[in-house]
Amino acid sequence: MCGLAFDCGAVGSAECGERLVQQTVDGRADRRAPAVDLGVEALRDLLTEESARAAGHNLVRQRAFSQKLKELMNRYTNQQLTSAEVIAELVELAKEVMAEGNRGARYKPPLTSYELALYDSLASNESALTVQGEGVLAQIARELWVIVRRDAKTDWTARDDVRAKLRSSVKRLLVKYKYPPDKQPEAIRLVIEQMEGLAPRLAEGK
């Protein structure tokens with residue numbers, strides 16, 4: 001239910017948003033009618049839930065979706081976007097969220113959701129992505145996943161020596177593939193953080 005006069009419970013979020021956009025044509029949305037505000041809030045809540053589910057264990061994507069949604073709602077609250085505009089933006093974000101599950105299929109061979117999470121940690125710096133290219137970063141992600149599976153039962157946060165060894169393994173892999181040296185510290189930080197999020201899931205068989 002989107003909170004307006006019609007029931008969106010039986011349709012997807014994108015169609016619900018498109019109906020809301022259509023309702024703005026008669027001018028009600030531009031007057032920030034309470035019903036339309038409720039519709040925007042309903043879409044926001046739905047996207048918050050769906051983006052968390054779609055991103056799953058991928059920290060980079062979790063944060064990206066959350067930040068986009070926050071920025072959109074801030075612009076709407078500050079009246080930098082009309083109701084029609086924010087709904088259109090939310091619909092586009094909904095389409096991106098719905099496409100998340102198939103994103104790994106574009107790589108050859110396809111990346112699993114775990115490998116994709118590691119890939120995103122490496123690719124979060126656009127200059128590194130430009131220098132390395134998607135194919136190289138995807139291969140690094142595959143090899144990082146091998147390391148995660150190998151050490152899945154290790155409590156990295158409890159032992160500094162094990163954590164240091166892991167950092168060295170990641171750094172050697174980045175050097176091997178000529179990942180930009182000035183981008184390595186941040187990449188290593190993100191990769192380790194993501195690895196620590198993935199390892200318990202693997203250990204639990206999820």
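## Helix α8

Helix α8 covers residues 160-176, and its 17 residues at 1.5 Å each should span 24 Å; the end C-alpha atoms are 24 Å apart, which agrees. The expected span is 1.5 Å times one less than the number of residues. Helices here are DSSP runs of H or I with at least four residues, strands are runs of E with at least two, and both are numbered from the N terminus. This is a predicted model: local features need pLDDT of at least 70, and side-chain atom pairs count only at pLDDT 80 or more, while totals for chains, interfaces and linings use all residues. Residues are numbered from 1 along each chain as its sequence is written, and side-chain values use heavy atoms, with hydrogens and water left out.

Which residues of α8 are buried? They are Val162, Leu166, Ser169, Val170, Leu173 and Leu174. They sit on the same side of α8, because they cover an arc of only 135° around the axis. The arc is taken from the directions from the helix axis to the C-beta atoms. An α-helix has 3.6 residues a turn, so residues three or four places apart point the same way. On the other side of α8, Asp160, Lys165 and Arg172 are exposed. Buried means under 20% relative accessible area, exposed means over 50%, and partly exposed lies in between (1.4 Å probe, protein chains only). Just after α8, Lys178 takes a positive phi of about 60°.

## Arg167

Arg167 belongs to helix α8. Its relative accessibility is 37%, so Arg167 counts as partly exposed. Leaving aside neighbours within four places in sequence, Arg167 is in contact (heavy atoms within 4.5 Å) with Ile188 and Ile192. Arg167 and Ile188 are 21 residues apart along the chain, yet their C-alpha atoms are separated by 6.9 Å.

## Aromatic pairs

How many aromatic pairs does a search of the whole structure find? It finds two. Rings of Phe, Tyr and Trp (its six-membered ring) pair if their centres lie within 6.5 Å; planes under 30 degrees apart count as stacked, over 60 as edge-to-face and the rest as tilted.

Tyr107 and Tyr119 form a tilted pair, 4.9 Å centre to centre with 55° between the planes. Tyr107 lies in the loop between α4 (83-99) and α5 (113-123), and Tyr119 lies in helix α5, so the pair ties together parts twelve residues apart in sequence. Both Tyr107 and Tyr119 are buried.

The ring centres of Tyr114 and Trp145 are 4.7 Å apart and their planes are at 5°, so this pair is stacked. Tyr114 is in helix α5 and Trp145 in helix α7 (residues 134-150); the pair links distant parts of the chain, 31 residues apart. Tyr114 and Trp145 are buried too.

## Glu96

Glu96 is placed in helix α4. At 26% relative accessibility, Glu96 counts as partly exposed. Beyond its neighbours within four places in sequence, Glu96 is in contact with Arg61, Phe65 and Lys68. Glu96 and Phe65 are 31 residues apart in sequence and 9.2 Å apart in space, C-alpha to C-alpha.

The side chain of Glu96 makes a polar contact with the side chain of Arg61 (3.4 Å). A polar contact is a pair of N or O atoms within 3.5 Å; within protein, one must be able to donate a hydrogen and the other to accept it, and residues adjacent in sequence count only if both atoms are side-chain atoms.

## The whole chain

The protein chain has nine helices and zero strands. Of its 206 residues, 42% count as buried. Among contacts between residues at least 6 apart in sequence, 67% join residues at least 24 apart.
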